[in-house]
Amino acid sequence: MIGGKLDKYDIIEKLGEGGMATVYKAVHTPLKRVVAIKVLHPHLSSSTRNRNRFAREAQTIEQLEHDNILRIFDYSGSTASDCYIVTEFVEGHTLQELLEEEGLLSSELVSLICLQLSRGLAYAHEENVIHRDIKPENVMVRNDGTVKLMDFGIAKVLEEISVTLTGSLIGSPAYMSPESVQEGKPDQRSDLFSLGSLMFYMLSGQVPFSGKNPSVIIRKVIEGDRPSLSDLVPGADHRLITLIEHLLHPDVNER
């Protein structure tokens, strides 16, 4: 696909690939605008029903306009052979890459990053849009320090498609809320739990719930079986720790 064309976009280079999609850097030919294109793998976009789901969710996400949410410019229609979303291109690094390069972050930096994320989430929740898959790989930190939350709503589409194909769990168990891993109905408070898990990881360098396999992790999430953040990072700001503990409450009504 590199060097080729996808609709009105010239594909320049491959930026990354995951289990669900491949991301490319491209140029919108008419406007000469550099963009990023996330293309779902063929086995996920092979049916008309799946393409309709993808287009429907993309239409919802496209309406989100906030400084801390990755902007969507375009998406494939339901009749397109490929399912893709076109977004703004961000010069920077994912939060995961930043953590791997910098190591543990200070309480102040964690607070600054998550303040921006919480602003984006608050706006999306007001628009009745839930993220469902908050994790370091879905957060971009632009070179000027602006934080962007990516892939809003994509987990919902992939979950619907995957249930049909494999019945497998979509999302990252280490960051998922108890109600999500128990096939409950996620809502805004589920995103808050995932945000708490992300903050826990940023501050301590380890996820709050870990295990040898997803089943072990899921059991720990449900039971709230995790180490004390105060023990892991005794020098961290106690107010930040209190906030994280509150976000990670297993009872959805207590977050």
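**Note on aromatic contacts**

1. The count of aromatic pairs comes to two, where rings of Phe, Tyr and Trp (its six-membered ring) pair if their centres lie within 6.5 Å, and planes under 30 degrees apart count as stacked, over 60 as edge-to-face and the rest as tilted. This is a predicted model, in which local features need pLDDT of at least 70, side-chain atom pairs count only at pLDDT 80 or more, and totals for chains, interfaces and linings use all residues. Residues are numbered from 1 along each chain as its sequence is written, and side-chain values use heavy atoms, with hydrogens and water left out.

2. Tyr175 and Tyr201 form an edge-to-face pair, 6.3 Å centre to centre with 80 degrees between the planes. Tyr175 lies in the loop between helix 4 (154-165) and helix 5 (178-181) and Tyr201 in helix 6 (residues 188-204), so the pair ties together parts 26 residues apart in sequence. Helices here are DSSP runs (H or I, at least four residues), numbered from the N terminus. Tyr175 is buried, at 8% relative accessible area, and Tyr201 is buried at 15%; buried means under 20% relative accessible area, exposed over 50%, partly exposed in between (1.4 Å probe, protein chains only).

3. Phe193 and Phe209 form a stacked pair, with 6.0 Å between centres and 15 degrees between the planes. This pair links distant parts of the chain, 16 residues apart: Phe193 is in helix 6, and Phe209 is in the loop between helix 6 and helix 7 (214-223). Phe193 is buried at 0% relative accessibility, and Phe209 is buried at 1%.

4. Arg33 lies over the face of Phe73, 3.9 Å from the ring centre. A charge sits over a ring if NZ of Lys or CZ of Arg is within 6 Å of the ring centre and within 35 degrees of the ring normal.

Technical notes: Helix = DSSP H or I, 4+ residues; strand = E, 2+ residues; numbered from the N terminus.
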